[in-house]
Amino acid sequence: MQNPTDSAEAYDHYLRGRQHFDLYTREGNASAKEEFSRAIELDPKFARAYSWAGYAHLEDYKQGWADSPDTAVRFATQAVEMAPDDYYTHWTLASVHMELKDMVGARREYDRAYELNGNDPDLLAERADTTC
């Protein structure tokens with residue numbers, strides 16, 4: 001994967017978003033989405049920011065804080081389109097498919113993520129869930 005962004009400011013917002021996401025609260029997730037959005041505004045080609053925005057919106061849906069997964073699907077799909085060689089974009093899209101009970105789509109995306117980076121233990125654990 002190439003550098004995720006040339007914008008230090010966009011990368012800073014991305015990292016802040018990841019930190020807020022890790023709070024695992026509704027407020028933290030809302031702050032994370034704001035940070036990822038700011039990163040995207042600063043660098044509209046920053047695929048990892050789109051990917052994490054997708055994951056944050058998926059968390060909203062999983063927790064019942066959003067009625068629809070549509071925004072998560074849109075961000076995750078856009079991330080894959082922007083960076084098809086980034087394993088993480090495929091991993092996020094796989095997570096979306098899993099939540100939607102689309103096991104075929106999940107397996108396809110997990111397999112692609114694994115092809116691109118078979119050394120991430122968290123990816124390996126999640127991918128194993130699709131074989132059950």
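Predicted model: local features only at pLDDT ≥ 70, side-chain atom pairs only at ≥ 80, totals over all residues.
Before I show the helices, a definition: a crossing is called left-handed if the near helix is turned anticlockwise from the far one by less than a right angle, and right-handed if clockwise. Residues are numbered from 1 along each chain as its sequence is written, and side-chain values use heavy atoms, with hydrogens and water left out.

Helix 2 passes helix 3 in a left-handed crossing, and the two pack at an angle of about 155°, with their axes 9 Å apart; the axes are lines fitted to C-alpha atoms over the stretch in contact, and angles run from 0 to 180 degrees between N-to-C directions. Helix 2 is therefore roughly antiparallel to helix 3, a term used for angles over 145 degrees. On the helix 2 side, the contact (heavy atoms within 4.5 Å) is made by N29, K33, F36, A39 and I40, and on the helix 3 side the residues include W52, A53 and A56.

Two of these residues, F36 and W52, bring me to the aromatic rings. Rings of Phe, Tyr and Trp (for Trp, the six-membered ring) pair if their centres lie within 6.5 Å, and planes under 30 degrees apart count as stacked, over 60 as edge-to-face and the rest as tilted. F36 and W52 form a tilted pair, 6.1 Å centre to centre with 35° between the planes, and this pair links distant parts of the chain, since F36 lies in helix 2 (residues 26-42) and W52 in helix 3 (residues 47-63), 16 residues apart. W52 also pairs with Y55, and because their planes stand at 70°, with the centres 6.0 Å apart, that pair is edge-to-face. W52 and Y55 are 3 residues apart in helix 3, and so about one helical turn separates them. F36 and W52 are both buried, as is Y55, where buried means under 20% relative accessible area with a 1.4 Å probe, protein chains only.

Finally, helix 5 (residues 87-99) and helix 6 (residues 103-116) pack at an angle of about 160°, with their axes 8 Å apart, and they are therefore roughly antiparallel to each other. Helix 5 also passes helix 6 in a left-handed crossing.

Note on methods
Helix = DSSP H or I, 4+ residues; strand = E, 2+ residues; numbered from the N terminus. Parallel < 35°, antiparallel > 145°, perpendicular 65-115°, else oblique. Buried < 20%, exposed > 50% of the residue type's maximum accessible area, 1.4 Å probe, protein only.
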